[in-house]
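Please read this briefing alongside the sequence and the 3D view.

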Amino acid sequence: MFRTANNVFINGGAFTVHNQHNQGTPFTVRSMSNSWLRLKLLTSQFAFLQAIDRLMEAASLGALHNSGERFDPPKCHPNTRTAVLQKLMDWFIGEFGWDNFVLWLYGPAGAGKSAIAQTFAELCAKKNCLLASFFFSRSDLRRNNEKAFVATLAYQLWLRIPESRPIIEAVINDNPAIFQLNFDTQFCTLFLNPLLQLSRDGRFISGIPFPNLIIIDGLDECNGADVQNTISNTISNALQHHPSALPFRILIASRPEYHLTTSFSVAPLHSLTFRLALDDTYQPDEDIRLYLTDSFRDIRNAHIMRAHLPDSWPSGEDVTKLVAKSSGQFIYATMVIRYVSSPQCNPLDRLKVIQGLLPVNDDRPYAQLDALYVNILSGVKDVEAVLRILGVAFVLTKINYRSIGRLGVNKLEEFMQLTPGTVQLLLIDLLSVVDASDNNKPIKFLHASFSDFLLDPTRSRQFFIDPSKRHGDAAYFCISAIESLNMTTSLPKLAYRSLLSHLHLAGPLHDNATLREKVFKVPYVQHWPTFALALRDDVSSLNYLGEDPGMFLEFLQTSEFRQTEELYLHHRGILDQKLREDLALIPMSPCLAFWTALSAGGILESNGVVSLETFCALSDSLADDLTASVPGFLFSALFDQIEVGSEQRRPAWYHLYRITGTPYLRMVREFLNDASRAGPYAVDESTYTQATVFAVEFAVMAWDETKSTSGEHWGLIWDAFAFMLSKAGYSAELVNLLSQQNLTFNLVRPGTNVCHRVQTLFGAVRNYLLKFNGSSPSPFKIIINWTECPSDYVGNRFAAHDLDDNSRIRRIIYVDESIRSSVEDMQGLAGKKRTAL
């Protein structure tokens, strides 16, 4: 009858008492005084039971730190996270931040925030300092929203400060529908007002200890950004308006989601909050190493296969790799231990699965991580655009740029032709796994395992990033950067350095009509000279050999594009036109003939590496004026022309540069040997004749400052000299030069194959004279002065040590017909020595 009675008053009236004989006897109110007292006591007991029942029903007791529903909650492994826990304790007891009533503990997903909050809650509960706690959970319908939040805090206040009980009970009895009202009303009525009343009654200054810590964990797991902000703002407003009346500390742990970061960055939370980031400051790697080491030891001691687990398992290197893979996040290490420690499986094999040494088969070792990543990505609005950005950022890191660092966020936006700010805007829902907060720094994957997840289609499924497609995207953007050629940025460097790598890794190219059309139209060759010119004073330019137009053409010859021959011939025609235009700028001369013959003969391709300084020295020596030049574009696409005698026009690094066999050299050689492509610049017998005259004049010229050089690669000159003589036609001037008495060649001693090169040159001179003069002088000899000093001394006949590659002797010698047999004898003697050894 009185189950739902509230504030019952009985005033006057007559009542009838029915006895066992069914006869009624009337009596007055005065005679009921004793019965009334009993009734009132019974009613208040019903009211109390009703209030606490309703409170407990509205609360989510599973959100408490010691709830049975959260059996074996995550906690810090012994002796780990000690620095963070000490920091929290120092804040709580007022060692610092005495006016920071709120501490925001934030970090990426899987960093161990809940374990820290749980451990800290248990520590404070033992000291009777914990007033209330609420652990949100996205997967629990009672803990993933705000509906039970205030009731749960009010229940713990009712439980831990007895003086609050009648206040809270009265609120519930006065308004039975309180739990259906909005969050602000519930918070003020059930939690804030009781605390303020207790404060007015002097409870918090009475000297009687009271718990004053409130822990809210996983705020980001409460459904809805607006709700999360409402919770944080409501709490902060209460603390701001009643700072002296509410001597409490509130620990809030969450991921650094954008809306929460914003809330904690503006008033009033900004001034009330101490921010504690779970970053490398607190050495998570060392804590993770300790956790892994202890856990593997437990597996070795307790697993059913412990007899088969060596004490050295796993190795220190294995643990170090697992620590690195964790990226400072405990969730990965925890997942590894949970998977490896399964009692139904061999721990040795399971660790090998983690290491990628054994196939996964039907196992799902990363199920927990995968669920986390899927949940995070499911909340992304434009997931296709996000995956494209992450994919391009990822494949860019897989190309070795040497002198080019990774692109910062702003440069990535420019590269991908995005409006400034787009990357941060699109990645706003991924702040717990990636960091793009600094425009000048690259996107950072906070979890190394996150990229593994994205690149494994069996794990990421609809979120899979296909590297081949993303390489295709990167190639497209590289071409756009080459088209615009904005040399005020690093993008042209990036584009020229990486385009071919991305094209090689992109696929399938056969059906990619969009990319093929982009490749067809790219001004790769046309813009290369401007790009190369900007690198003249950059020592890192030496690294660009592999990305020149020659390499580009070589790729097109063998690419998988449709009608790849058309692509190749189109761009080869552009290179041919460029070579003809460059050659037209240089006056026809023996010097030019020498360099074109050198390129057409393939000498550079077979000569190892040659110093650019050698070329400069050779041309400088015979230049009569500044119009003569070294056509550097014949040797490397890095050069247009290097003017002789004008040191300022030479790159600062010209003496370091090395010419070596490249596809570009092959392209130039094929061009010069094809009259249909080179036109008047094609190399023929007359070109070789002029080139040989040039070479002989250089060889017989006396040593002086212009000719002396410290170059170590003059084997090229010896090889070119002999080769051109074999190709040269008749020249009276050449015959006269070679027929003179005491013919002396002033050449730097070749660094290798000395004997062979001297013999070859001697034979080439002798054969030319026999061919066009009918005979050679008798006795025929060639004087070789490789002292790099002028001298009229005829010299001594060569000796074995003069032609030894290891000899450092520099003197004047002469060689004659005897060099043929002498060389054979020396080679035979050397062979006998090797056999004896």
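## Salt bridges and surroundings

R255 and D220 form a salt bridge, with their closest N and O atoms 3.5 Å apart. R255 sits in the loop between β6 (249-254) and α8 (258-263), and D220 in the loop between β5 and α7 (225-241), so the pair ties together parts that are 35 residues apart in sequence. Both R255 and D220 are buried. The model is predicted.

**Other charge pairs**

- Side chains of opposite charge can pair when their charged atoms come close.
- The whole structure holds 25 salt bridges.
- One of them joins the side chains of E163 and R203, at 3.1 Å from N to O.
- E163 lies in the loop between α4 (149-160) and α5 (165-174), while R203 lies in the loop between α6 and β5 (213-217), so this pair ties together parts that are 40 residues apart in sequence.
- E163 is partly exposed, because its relative accessible area is 35%, and buried means under 20% while exposed means over 50%.
- R203 has 9% relative accessibility, so R203 counts as buried.
- R797 and D816 also meet through their side chains in a salt bridge, at 3.9 Å from N to O.
- That pair links distant parts of the chain, 19 residues apart: R797 is in strand β16 (residues 796-797) and D816 is in strand β17 (residues 812-816).
- R797 counts as partly exposed at 35% relative accessibility.
- D816 counts as buried at 18% relative accessibility.
- R138, D220, E221 and R255 belong to one network, joined by salt bridges that share partners.

**Negative surface patch**

- D279, D280, D285 and E286 gather on the surface in a patch of negative charge.
- E286 belongs to helix α10, which covers residues 284-302.
- The relative accessible area of E286 is 45%, so E286 is partly exposed.

**A637 in its loop**

- A637 lies in the loop between β11 (629-630) and β12 (642-643).
- Its relative accessibility is 7%, so A637 counts as buried.
- Which residues does A637 touch, not counting residues up to four places away in sequence? They are W528, A532, D548, P549 and Y664.
- V525 is 112 residues from A637 along the chain, and the C-alpha atoms of the two are separated by 9.2 Å.

**Q186 in its helix**

- Q186 lies in helix α6, which spans residues 183-200.
- Q186 has 5% relative accessibility and so counts as buried.
- Leaving aside neighbours within four places in sequence, Q186 is in contact with K147, V150, I178, F179, L181 and F191.

**Whole chain**

- The protein chain has 34 helices and 17 strands.
- Of its 837 residues, 51% count as buried.
- Take the contacts between residues at least 6 apart in sequence: 74% of them join residues at least 24 apart.
- The accessible surface of the chain comes to about 38,800 Å². Carbon and sulfur atoms hold 52% of that surface.

Terms used: Residues numbered from 1 in each chain as written. Predicted model: local features only at pLDDT ≥ 70, side-chain atom pairs only at ≥ 80, totals over all residues. Heavy atoms only, no water. Patch = residues over 30% accessible without salt bridge, like charges linked within 9 Å, V, L, I, M, F, W, Y side chains within 5 Å. Areas by Shrake-Rupley, 256 points an atom, 1.4 Å probe, with all protein chains shown as cover. Salt bridge = Lys/Arg side-chain N within 4 Å of Asp/Glu carboxyl O. Lys, Arg positive; Asp, Glu negative; His and termini not counted. Charge placed at Lys NZ, Arg CZ, Asp CG, Glu CD. Helix = DSSP H or I, 4+ residues; strand = E, 2+ residues; numbered from the N terminus. Buried < 20%, exposed > 50% of the residue type's maximum accessible area, 1.4 Å probe, protein only. Contact = heavy atoms within 4.5 Å.
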